[in-house]
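Trainee: Please take a close look at the aromatic ring pairs in this model, and at what surrounds them.

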Amino acid sequence: MPEMTIGGNAIRSSTAFDVVDPCTGAVFATAPTCTPAQLDDAMRSAAGALRGWQHDDDQRRSALLKLGEVIMGAADELTDLLVSETGKPRGVAASEPVICDMWLRYYADLTVPREVLQDDERALIEVAHRPLGVVAAITPWNFPLGLAMWKIAPALRAGNTMVLKPSPFTPLATLRLGELANEVLPAGVLNVVTGGDDLGAAMTAHPTPRKVTFTGSVSAGKKVAVSSAADLKRVTLELGGNDAALVFDDVDVPAVAASLVGLAFFNTGQACALPKRIYVEDGIYDDFVSACAAVAGSIKVGPPSDPASQLGPLSTGPQFARVKELVSDAVAQGLRPVAGGSPTEGPGYFFQPTILAEARDGVRIVDEEQFGPALPILRFSDLDDAIERANNTTYGLCGSAWSADVDRAAAAAERLECGTTFVNTHAALQCDVQFGGSKWSGAGLENGLPGLLSFTEQQVVHRAR
């Protein structure tokens, strides 16, 4: 059984939980269950490592760069673990160590700014940024390493230490990441513990962390916010999305259909920032639906062991059940599956790439985040109406508009109520560009300089002259 990393030591536990292979639905590994005492040890070690870590900027820069090198040196091993626990095709899994290295290098080279407010004969007044302290980080199952590094790199660069908990569905690659980090980072700077939802609740309620950073569902994010509020912890929440894409009637139909289907079904549709519902102008609706159906029908679904597989299974049993439920409900409500519509035959959590025509607002698969390979396509004839419908949601992560007239698309995209809008693309996320949601899609920002500053608190430094 793999081991946790606490205070620079490999730590076992007396109990364990099962890890399921989504390609078969069978248990293939176990992971340690962190005890309350072990969590206290992890928090204590993170607090103890803080003093030396926060005051040595050069050490932090060099350590982050070295960690990126170590991760890339173990990229094949990490990819194997990701493939086993998520079921994603190897090419998609292999991108995660690369993302880790990119984020580490970006933040290692980023300088924490110091703003001068006044510099005259009376005083020098500056705004400095201090680390918050110990950070509790809780990460999701869809991109176990990539999204963990969205938190690790800026938090550590800013001078914080961390206790990290991955999803219990996908703990293995993150446990190995903790071992690799232990080769490079001082003991206690990054602690990795594993367990279920009760462990996450214990972390957010623990008195030691001064910040909680969480990526996951809206319902869980609300619980994190409530628990953290009792201790006035700082919180960053990156929650769900139900991204709308507006498609105008002047687009290249086959090209845009291929782009949107490819984006919507990336990682089997399991990413928060993907297009989840498509609003298509009435004049091209039928042609667009047919083009989407053709693209979806050509996608090869299968296990990552098959080199021809383009789409793997849903990564968890509960998510597989949810996608089945939403598609069944949609069909019962009169939506027409022009591609897919049901699970594939055989074991595992595989679901056919599904295109749902004649979709309408008010149906669950349109109103809720499906997080799977099922894409509803809606009609619109009036742009103002389409934008109002797209905005009539509690979500507000990303959105996009597609047109041969870039200015027309940009004007529409900026009317979408979301944290990031795209023109003729979607989900193009970068380490140097801030990312966050409005409404129930989150609170706070990740990535870029704002992502770094979210792990600091401002301090005014006033020197009289």
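Mentor: Rings of Phe, Tyr and Trp (its six-membered ring) pair if their centres lie within 6.5 Å; planes under 30 degrees apart count as stacked, over 60 as edge-to-face and the rest as tilted. By this rule there are seven aromatic pairs. Phe-143 and Phe-266 are stacked, because their ring centres are 6.0 Å apart and their planes stand at 20°. This pair links distant parts of the chain, 123 residues apart: Phe-143 is in the loop between strand E7 (134-138) and helix H6 (144-157), and Phe-266 in the loop between helix H10 (253-264) and strand E13 (275-281). Helices (H or I, at least four residues) and strands (E, at least two) are DSSP runs, numbered from the N terminus.

The model is predicted: local features need pLDDT of at least 70, side-chain atom pairs count only at pLDDT 80 or more, and totals for chains, interfaces and linings use all residues. Residues are numbered from 1 along each chain as its sequence is written, and side-chain values use heavy atoms, with hydrogens and water left out.

Phe-143 counts as buried because its relative accessibility is 10%, while Phe-266, at 36%, counts as partly exposed. Buried means under 20% relative accessible area, exposed over 50%, and partly exposed in between (1.4 Å probe, protein chains only).

Trp-150 and Phe-435 make an edge-to-face pair, since their ring centres lie 5.6 Å apart with the planes at 80°. Trp-150 belongs to helix H6 and Phe-435 to the loop between strand E18 (420-423) and strand E19 (442-443), so this pair ties together parts that are 285 residues apart in sequence. Both Trp-150 and Phe-435 are buried. Ring pairs also bring in Trp-103, giving a cluster of Trp-103, Trp-150 and Phe-435.

Aromatic rings also meet charges here. A charge sits over a ring if NZ of Lys or CZ of Arg is within 6 Å of the ring centre and within 35 degrees of the ring normal. Lys-222 has its charged end over the ring of Trp-440, 3.3 Å from the centre. Lys-211 lies over the face of Phe-455, 4.7 Å from the ring centre.

Another buried residue is Thr-161, with a relative accessible area of 0%. Thr-161 is placed in strand E8 (residues 161-165). Beyond its neighbours within four places in sequence, the contacts of Thr-161 (heavy atoms within 4.5 Å) include Trp-53, Leu-50, Val-134 and Val-189.
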